[in-house]
Amino acid sequence: MTTTDRHILDLHRRGLLTGALALTALVTQPGCVALAQDQGLFGLGVASGDPWPDSVVLWTRLTPATPDPVPLRWELATDDGFGQVVARGEALASPDHAHAVHVIPQGLQPGRRYWYRFHAQGQTSPVGRTRTAPAPGADVPVRFVNASCQRYEHGLFTAWRHVAADDTLDFVFFNGDYIYEYAHRAAGSTPILVRAVDGPECVTLDQYRARYAQYRRDPDLQAAHAAHPFIVVFDDHEVQNNWVSDIPSVPQPAGVEFALRKAAAFRAWYENMPVRPGALPRGAEITAYRRLVFGRQMALHVLDTRGYRDDQPCGDGRKPACEAVHNPAAQVLGPAQEAWLFDSVAGNSAAMQVLGQQIFMAPRPGPHGEVSMDSWDGYPAARARVMRGLRQRGVANPIVLTGDVHRAWAGLVMVDEQALGTEFVATSISSDGDGRDADQGALALIGAHPHLRFHSARRGYTRHEAKDGQMLAEFVALPFVSHPGAEARIVARLMTEARAPGIITA
Ligand SMILES: [Fe+2]
């Protein structure tokens with residue numbers, strides 16, 4: 001047992017961790033990163049996440065001057081002035097976890113706002129605002145954002161400033177690519193370089209931790225986290241471009257074992273995300289799929305389309321299908337997650353069953369039959385099995401929320417000429433830079449395939465509202481991310497209904 005563990009145990013014995021989750025050391029190795037001190041102990045901000053009707057995760061990560069564990073206090077109130085504190089506790093920010101803490105106050109009221117803050121070493125954090133999920137029987141509208149892909153070098157996080165200012169949201173769903181692992185690139189070496197990341201390609205725990213710290217210092221991202229609870233899952237770049245299962249997409253740098261890299265990446269992801277202890281990694285394994293229910297209107301099934309997937313067929317890339325695409329046993333979710341999803345939709349009665357996931361699900365074959373091997377098009381048997389399985393369990397219109405492609409899309413999920421679901425794809429927060437209103441190739445795909453209905457190549461996010469058995473999708477686009485001050489505008493308002501796949505203009 002380390003000194004840190006002993007300290008946590010001691011706090012437990014003294015009852016000081018009541019209501020808080022004590023993070024016990026998973027792996028005890030030194031991992032303190034030298035971080036700039038100029039913004040104080042709380043320079044990485046605060047966050048909350050995974051709202052349930054009676055609890056929510058509160059998060060912060062300290063940047064102390066020494067590698068010692070730092071005791072902290074937290075408090076949660078029903079007002080932003082902290083006149084009515086309803087929960088408080090203590091926790092220990094340990095260097096074993098990059099001085100990050102996750103605390104989970106219990107016994108909260110459903111569907112209401114709370115404010116929280118932390119105190120340590122005589123300093124007080126920024127105030128965060130959060131919200132619990134509605135009571136299970138409450139038939140209330142649910143409003144949220146779907147966002148993804150925030151490559152730091154490619155643009156400012158102005159979109160997050162607009163998300164932060166939206167007072168109506170219940171939560172933000174972030175479906176992946178929270179960081180990008182790539183090395184610093186010099187100006188002139190890359191077509192888009194709005195700002196630079198520090199350091200080499202992330203491979204070690206310290207490097208991933210430092211990358212999260214750099215992202216978390218962004219004031220717009222901090223503002224979004226402080227304004228709303230996040231429900232976060234990873235895609236590929238939290239580890240490495242286009243990895244699946246235990247298969248890296250390219251050979252690893254000399255001396256790097258992919259399993260160790262994955263373990264480091266998952267550990268840093270957990271440390272830096274406001275997620276529940278169910279997502280604690282076990283070395284290179286992690287269980288990120290989970291269900292969150294928002295009253296009678298919607299259940300969000302958060303999926304992991306990376307960790308259990310078969311290798312991309314035909315050597316990855318976008319190309320005509322080779323034989324391997326037609327593998328009838330193809331796996332995207334893997335057998336265990338697929339079975340869990342079927343149980344999960346059968347186990348709740350919300351009007352809308354929403355799949356929060358990463359990769360494009362609606363078919364998008366090009367004029368010569370070419371498909372993206374890193375999307376569900378590379379695994380049509382898995383897509384058919386999942387969508388038919390959902391239909392067999394009474395889900396008339398699974399609503400699929402996606403990211404990954406840095407473009408906004410809307411379309412129907414077709415299986416053998418039959419629409420079995422409706423997909424809304426959020427564009428990127430910053431990845432691929434300023435963008436444009438539309439890609440010619442995408443417009444040609446929409447012209448060729450009636451099930452594809454909308455496309456935008458700007459940066460932004462999608463704002464959703466689940467109400468009265470209908471899901472609204474407002475596609476929010478920014479004209480630029482290369483310089484500050486972009487306004488957000490809604491470029492499309494589309495709607496689908498729980499009772500059948502379809503997309504209408506709202
Ligand atoms: Fe991305």
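Which residues do ring pairs link into a cluster? In this predicted model, the cluster consists of Trp160, Phe174, Tyr178, Tyr212 and Phe230, joined to one another by ring pairs. The structure holds 21 aromatic pairs. Phe157 and Tyr215 form one of these, a tilted pair with a centre-to-centre distance of 6.1 Å and an angle of 45 degrees between the planes. Phe157 is located in the loop between strand S9 (142-147) and helix H2 (158-165), whereas Tyr215 belongs to helix H3 (residues 205-216), so the pair ties together parts that are 58 residues apart in sequence. Phe157 is buried, its relative accessible area being 0%, and Tyr215 likewise counts as buried at 0% relative accessibility.

A further pair is formed by Phe234 and Trp269, whose ring centres are 5.2 Å apart; because their planes stand at 90 degrees, the pair is edge-to-face. Phe234 lies in the loop between strand S11 (230-232) and helix H5 (258-272), and Trp269 in helix H5, so this pair ties together parts that are 35 residues apart in sequence. Phe234 is buried, at 0% relative accessibility, and Trp269 is also buried, at 0%.

Charged groups were also found over aromatic rings. The charged end of Arg117 sits over the ring of Phe82, 3.8 Å from the ring centre. The charged end of Arg112 is placed over the ring of Tyr114, at 5.5 Å from its centre.

The metal site contains an iron ion coordinated by Cys149 (SG), Asp177 (OD), Tyr180 (OH) and His406 (NE2), with distances of 2.0 to 2.5 Å. Along the chain, these donors follow the spacing C-x27-D-x2-Y-x225-H. Cys149, in the loop between S9 and H2, and His406, in the loop between strand S17 (399-402) and strand S18 (408-415), are 257 residues apart, and the pair links distant parts of the chain. The angles subtended by the four donor atoms around the iron ion range from 87 to 170 degrees, which makes the arrangement irregular.

With regard to cysteine pairing, a search of the whole structure finds one disulfide. This bond is formed by Cys314 and Cys322, whose sulfur atoms are 2.1 Å apart. The torsion about the S-S bond of Cys314 and Cys322 is about -95 degrees, and the disulfide is therefore left-handed. The two partners fall into separate accessibility classes: Cys314 is buried, with a relative accessible area of 19%, whereas Cys322 is partly exposed, with a relative accessible area of 30%. Cys202 is buried, with a relative accessible area of 1%.

Finally, the surroundings of Arg436 were examined. Arg436 is found in strand S20 (residues 435-436) and counts as partly exposed at 38% relative accessibility. When residues up to four places away in sequence are not counted, Arg436 touches Arg407, Ala457 and Arg458. Arg436 and Pro479 are 43 residues apart in sequence, and their C-alpha atoms are 7.9 Å apart in space.

Methods. Residues numbered from 1 in each chain as written. Predicted model: local features only at pLDDT ≥ 70, side-chain atom pairs only at ≥ 80, totals over all residues. Heavy atoms only, no water. Helix = DSSP H or I, 4+ residues; strand = E, 2+ residues; numbered from the N terminus. Buried < 20%, exposed > 50% of the residue type's maximum accessible area, 1.4 Å probe, protein only. Contact = heavy atoms within 4.5 Å. Phe/Tyr/Trp six-rings, centres within 6.5 Å; stacked < 30°, edge-to-face > 60°. Lys NZ or Arg CZ within 6 Å of the ring centre and 35° of its normal. Donors = N, O, S within 2.8 Å, 3.2 Å for Na, K, Ca; no water. Tetrahedral: all angles 85-135°; square planar, octahedral: opposite > 155°, others 65-115°. Disulfide = S-S within 2.5 Å.
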